[in-house]
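Work through the exercises below with the model open. Each task is followed by its solution.

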Amino acid sequence: TDLRPGVLDHLGLWAAIEWQLQEMQSRHGLRCTLSLSDAEPERRLGRSAEIAVYRIVQESLTNVMKHAGSVRVVLRMQWSKEKVRIAVDNQRGEDQIEGSGRGLTGIAERARVHGGTATWGPSRLFAGGWNVTAELPTGR
C-alpha cells in the first residue's frame, strides 16, 4: 500500500493530497494551505500519472520538513486541458537546495517520465522562501 496508497484508489488524487497535507499538519505541525484551480474531484489522470503527482507532493513536503525548517507551506494545483501544475511554496528555503539533491532529482525524474517538467527556486509568495513546481500533461 505504500507504493500506491489506497486513498488514491478510493477517494481520488485530490482527496489523497488533502489527506497528505492533513497528515503533515497533525504529525509535524506544518501549517498547510491548499489551493485547487479547476481540479474537480471527478477529474482523473492516468493511474501512473496520479501516483507521480502524489509522490511529487509527498517529496516536496518531505524536503520542507527535512531541509527548510519551515512552518508554513502553500500548495497550489492548477488543472487545464493540457496540463496539471503543482506548486509548493514554503516560508524558508535557504537550506533546502543543499540538503535535498536526491529529492529534487526524484521530483524532476517523476515529472519527466510523464512528459512533464520540474523547476525549483526562490518563492514568489514568501520572501526568503522556496518553490518547487512540476507540470505534467493531462492527456497522456
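**Exercise 1. State the strand order of the sheet and find its edges.**

Step 1. The open sheet has five strands in the order S1-S2-S3-S5-S4, with mixed pairing. Strands (E, at least two residues) and helices (H or I, at least four) are DSSP runs, numbered from the N terminus. Strands pair if DSSP finds at least two bridges between them.

Step 2. S1 (31–37) and S4 (117–122) each have a single partner strand, so one side of each lacks a neighbour in the sheet.

Step 3. From one strand to the next, the twist averages 10°.

The model is predicted: local features need pLDDT of at least 70, side-chain atom pairs count only at pLDDT 80 or more, and totals for chains, interfaces and linings use all residues. Residues are numbered from 1 along each chain as its sequence is written, and side-chain values use heavy atoms, leaving out hydrogens and water.

**Exercise 2. Describe how S1 joins S2 (residues 72–79).**

Step 1. The two strands run parallel, joined by seven bridges.

Step 2. Thr33 has Val74 of S2 as its bridge partner.

**Exercise 3. Classify the angle between H2 (residues 13–28) and H3 (residues 47–68).**

Step 1. Their axes (lines fitted to C-alpha atoms over the stretch in contact; angles from 0 to 180 degrees between N-to-C directions) come within 10 Å and cross at roughly 15°.

Step 2. That makes H2 roughly parallel to H3, a class for angles under 35 degrees.

Step 3. Contact means heavy atoms within 4.5 Å. Among the residues making this contact are Trp19 of H2 and Tyr54 of H3.

Methods
Parallel < 35°, antiparallel > 145°, perpendicular 65-115°, else oblique.
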